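Morning, everyone. Have a look first.

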Amino acid sequence: MILVVDIGNSNVVIGGVEGEKILFEARLRTDATKTSDEYCIDLKSILDIYGAYRETVEGSIIASVVPQVLNTMQTAVMKLTGKKALVVGPGLKTGLNIAIDNPSQTGADLVVGCVAALREHKAPMIVIDMGTATTMVVLDKNGALIGGSISPGVKISMDALTGGTALLPGLQLDQPKKAIGRNTTDCMRSGIMLGAACMLDGMIDRMEEELGYKTKVIVTGGIAKFVVPMCRKEMIYDKDLLIKGLAILYRENKRS
């Protein structure tokens, strides 16, 4: 079994992969104050919950956008498995042609998502990850990563709206019934959720216009399953995209 770890700004996603099969997926809250021992206990508990044994872990790979947690997690994985984890970053072979101004600035999660998308779909593509931030990455007809966009995620928008206004209530991120809300909660739900869907539709239109051709759109991220059904553009939702990408990178680098 391969242990894969994706450290995001809000959550740490942990998966177990055997061949092409995802055995389990779990989430922890990203916490920069935790020690390696605490993360090690978390990882051990997750393996126990899903009936996996640490002795069956042949290796591991980590992608992180939170540098202060990366080293802690590396140590935790070493304590748990006795093996050093691969890390998505300089020195790891990805096979991805990154054609932007400064390739080193490309987030590890974006690379992982693109690797998985290219394995299962044909370019050109737009790969969207709806997490703390909503990232859109463009892969041209040759499969090169040529750029994209970053915008505040849905939860950030909601927290900013409810936290900065005294009279607006908190709300659950449910799909709005109509664009025209008839009360404060419905108006907020329309603006945040339907607004996110319209943003994706509009950005895809503009990106395709700049490219000069249509693209396939792949979407992942926790909030995406609520937003994608409201979009007018055809999109493929893949909740396991990053886990698949990490497993692919592990196998390719171990093989080489």
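Terms first. On a 1 Å grid over the protein atoms alone, a cavity is a set of points where a 1.4 Å probe fits but cannot get out. A pocket is an open set with protein on both sides within 12 Å along at least five of seven lines, and lining residues have an atom within 4 Å of a point. Grid points are joined across faces, edges and corners, and a volume is the space filled by probe spheres set on the points.

This is a predicted model, with local features needing pLDDT of at least 70, side-chain atom pairs counting only at pLDDT 80 or more, and totals for chains, interfaces and linings using all residues. Residues are numbered from 1 along each chain as its sequence is written, and side-chain values use heavy atoms, with hydrogens and water left out.

So, how many cavities of 30 Å³ or more does a search of the whole structure find? One. The largest cavity holds about 60 Å³ of space. Its lining includes Asp109, Asp129, Thr220 and Leu242. At least two lining residues each come from H3, strand E6 (125–130), strand E7 (133–139) and helix H7 (241–255). Helices here are DSSP runs (H or I, at least four residues), strands likewise (E, at least two), numbered from the N terminus. By class, this lining has six nonpolar, three polar and two charged residues. Nonpolar covers Ala, Val, Leu, Ile, Met, Phe, Trp, Tyr, Cys and Pro; charged is Asp, Glu, Lys and Arg; the others, Gly among them, are polar.

Of its 18 lining residues, Val88, Gly89, Pro90, Ser104 and Thr106 are closest to the centre. Helix H2 (67–81) and helix H3 (108–120) each give two or more residues.

Last, the helix pair. The axes of H4 (residues 154–163) and H5 (residues 184–211) come within 10 Å and cross at roughly 155°. Axes are lines fitted to C-alpha atoms, for helices over the stretch in contact, with angles from 0 to 180 degrees between N-to-C directions. That makes H4 roughly antiparallel to H5, the term for angles over 145 degrees. Contact, meaning heavy atoms within 4.5 Å, involves Val154, Met158, Leu161 and Thr162 of H4 with Met188, Ile192, Met193 and Ala196 of H5. Seven of these are nonpolar, one is polar and none is charged.

Key. Angles under 35 degrees count as roughly parallel, over 145 as roughly antiparallel, 65 to 115 as roughly perpendicular and the rest as oblique.
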